[in-house]
Amino acid sequence: MDEHINIFKALSDATRLKIVWLLTNIDEKICVSEIVEVLDEYQYNVSRHLKILKKANLVEEVKEGKWVFYYLTPIKSEFRLLIQEAIKTIPESQMNNEIHKCKILLAERPK
């Protein structure tokens, strides 16, 4: 039951929900600086939110060179699958600006 409570607590914040929504809908790894720019948040706040999402096992990180990228933790339970499906139902119209910024940033990444 603790896992379920931690997930709901982690998703109860608008910024954390936006981070998970972005990771769900762009299907890419993103770094803190990209999240900062997309959500127009301070780096400290984004890092704090990512720490909470990691603690709830919603995101994981991978270091590539000097960058740390975050991605969704692979789904291993029906509960997580249902949560992910619920997040996908948040209308894109609620995140138009963020999606636009994110697509630009991803396109500018070095190949």
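What is the handedness of the crossing of α3 and α4? The crossing of α3 and α4 is right-handed. The model is predicted.

**α3 against α4**

- Helix α4 spans residues 43-55, and its axis comes within 9 Å of the axis of α3, crossing at roughly 115°.
- With angles of 65 to 115 degrees counted as roughly perpendicular, α3 is therefore roughly perpendicular to α4.
- On the α3 side, the contact is made by V32, I35 and V36; on the α4 side, Q43, V46, S47 and L50 take part.
- By class, the residues of this contact of α3 with α4 are 5 nonpolar and 2 polar, with no charged residue.

**α2 against α3**

- Helix α2 covers residues 14-26 and packs on α3 at an angle of about 115°, the two axes lying 11 Å apart.
- That angle makes α2 roughly perpendicular to α3.
- The handedness of the crossing of α2 and α3 is right-handed.
- From α2, the residues T15, K18, I19 and L22 meet I35, V38 and L39 of α3.
- The contact of α2 with α3 comprises 5 nonpolar residues, 1 polar and 1 charged.

**α2 against α6**

- The axes of α2 and α6 are 11 Å apart, and the helices pack at an angle of about 55°.
- α2 and α6 are therefore oblique to each other.
- The crossing of α2 and α6 is right-handed.
- The α2 residues K18, W21, L22 and I26 meet E98, I99, C102 and L106 in α6.
- The contact of α2 with α6 divides into 6 nonpolar and 2 charged residues, with no polar residue.

**The largest pocket**

- The volume of the largest pocket is about 160 Å³.
- Its lining consists of C31, S33, E34, E37, W67, F69, L105, E108, R109 and P110.
- At least two lining residues come from each of α3 (32-39), β3 (67-72) and α6 (96-108).
- α3 provides the largest share of the lining, with 3 residues.
- Sorted by class, the lining has 5 nonpolar, 1 polar and 4 charged residues.

**F79**

- F79 is located in helix α5, which runs over residues 78-88.
- Setting aside neighbours within four places in sequence, the contacts of F79 are with H4, I7 and F8.
- F79 and I35 are 44 residues apart along the chain, and the separation of their C-alpha atoms is 26 Å.

Key. Residues are numbered from 1 along each chain as its sequence is written. This is a predicted model: local features need pLDDT of at least 70, side-chain atom pairs count only at pLDDT 80 or more; totals for chains, interfaces and linings use all residues. Side-chain values use heavy atoms; hydrogens and water are left out. On a 1 Å grid over the protein atoms alone, a cavity is a set of points where a 1.4 Å probe fits but cannot get out, and a pocket is an open set with protein on both sides within 12 Å along at least five of seven lines; lining residues have an atom within 4 Å of a point. Grid points are joined across faces, edges and corners, and a volume is the space filled by probe spheres set on the points. Helices (H or I, at least four residues) and strands (E, at least two) are DSSP runs, numbered from the N terminus. Ala, Val, Leu, Ile, Met, Phe, Trp, Tyr, Cys and Pro count as nonpolar, Asp, Glu, Lys and Arg as charged, and the others, Gly among them, as polar. Axes are lines fitted to C-alpha atoms, for helices over the stretch in contact, and angles run from 0 to 180 degrees between N-to-C directions. Angles under 35 degrees count as roughly parallel, over 145 as roughly antiparallel, 65 to 115 as roughly perpendicular and the rest as oblique. A crossing is left-handed if the near helix is turned anticlockwise from the far one by less than a right angle, and right-handed if clockwise. Contact means heavy atoms within 4.5 Å.
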